[in-house]
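Dear colleague,

I am passing on the structure below, together with notes on what was found in it. Please read the notes with the coordinates open beside them.

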Amino acid sequence: MDKATQHHVDQWLAGGPTTRYEMRGFIVWATRRGHCPELTVPHRSKAEPELLDEDTHWDLLQQCLHDEELPLDVRVAGSLLLLFGQHLSRIVTLTTAHLDTTDGRTTLRLDDTPIRLPDPLDRLLCRLTDQQLQHGWAASSSSWLFPGARPGTHRSTGPLSRALAAHGISVRPSRATALIQLAQAMPPAVLAPLLGMHVITAQAWRRRTGTDWTAYLQARRRALDT
């Protein structure tokens, strides 16, 4: 170990998978205790999020908003995912208390700022609420928009994710694409209280717009070439 050089480390890192960067903690420990010369292992870089191309994103959103053959819960969850980049873990915990009516229009509160919902998403959420009331969920103190199999519980993210995937909606790329678009259109100070995220997270998505839109355009070109 005391004969290792930075060249040896760099060569070994370059010759294998990125999991080799996990050795960084050991190298730092060994260097501090004098077991090896001063060596550097960079932090393992995070993979850039996979994105949808523009046409796919738009088509999926239009399908959720207008396709009457899709299940209503898939349409609503898919719309919230594709429009507002919400985690499924937050979508399944939405209740009727998150909805309100202002000047005859339905609003959704994801955090402190009510969002005025576009048509027909406002009507879809009202239909979903009515559907749960008709099924007897009004007796539940929770009033989940996405109730679980047992009264008083909300739906699990796993089944909802599989339901979305069955209709061609991949959760992670859909969410990342929505957040990239929103971060490009709004400053972090506006986006954070709108979506219920920390302002530092909103700033990180804003910074990603400089690099991720390159991947976005590349994805679109690949779609056009197929």
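Valine 76 touches Leu124, Leu125, Leu128 and Phe146, leaving aside residues up to four places away in sequence, where contact means heavy atoms within 4.5 Å. This is a predicted model, in which local features need pLDDT of at least 70 and side-chain atom pairs count only at pLDDT 80 or more, while totals for chains, interfaces and linings use all residues. Residues are numbered from 1 along each chain as its sequence is written, and side-chain values use heavy atoms, with hydrogens and water left out.

Val76 also belongs to the largest nonpolar core, which has 46 residues and in which Val76, Leu80, Phe84, Ile91, Leu121, Leu164 and Leu195 touch the most other members. Such a core is a set of buried Ala, Val, Leu, Ile, Met, Phe, Trp, Tyr and Cys residues joined through side-chain atoms within 4.5 Å; buried means under 20% relative accessible area, exposed over 50%, and partly exposed in between, with a 1.4 Å probe and protein chains only. The elements that each supply at least two residues of this core include H3, H4, helix H6 (121–134) and helix H10 (199–225), and the largest share, 8 residues, comes from H4. Helices (H or I, at least four residues) and strands (E, at least two) are DSSP runs, numbered from the N terminus. Another core, of 8 residues, lies apart from this one, and among its members are Val9, Leu13, Met23 and Cys36.

Turning to helix packing, the axes of H3 (residues 54–66) and H4 (residues 72–84) come within 8 Å and cross at roughly 145°, the axes being lines fitted to C-alpha atoms over the stretch in contact, with angles running from 0 to 180 degrees between N-to-C directions. The contact is made by residues including His57, Leu60 and Leu61 of H3 and Val74, Arg75 and Gly78 of H4.

Strands E1 (residues 99–102) and E2 (residues 105–109) pair in the antiparallel sense over 4 bridges, pairing requiring that DSSP finds at least two bridges between the strands. They form a hairpin with 2 residues between them, and aspartate 103 in the turn has a positive phi of about 55°. Most residues other than glycine have a negative phi, and most peptide bonds are trans. The peptide bond from aspartate 119 to proline 120 is cis, with omega near 10°, and proline 120 is found in the loop between strand E3 (114–116) and H6.

Finally, serine 89 lies in helix H5 and is partly exposed, with a relative accessible area of 44%.

With best wishes
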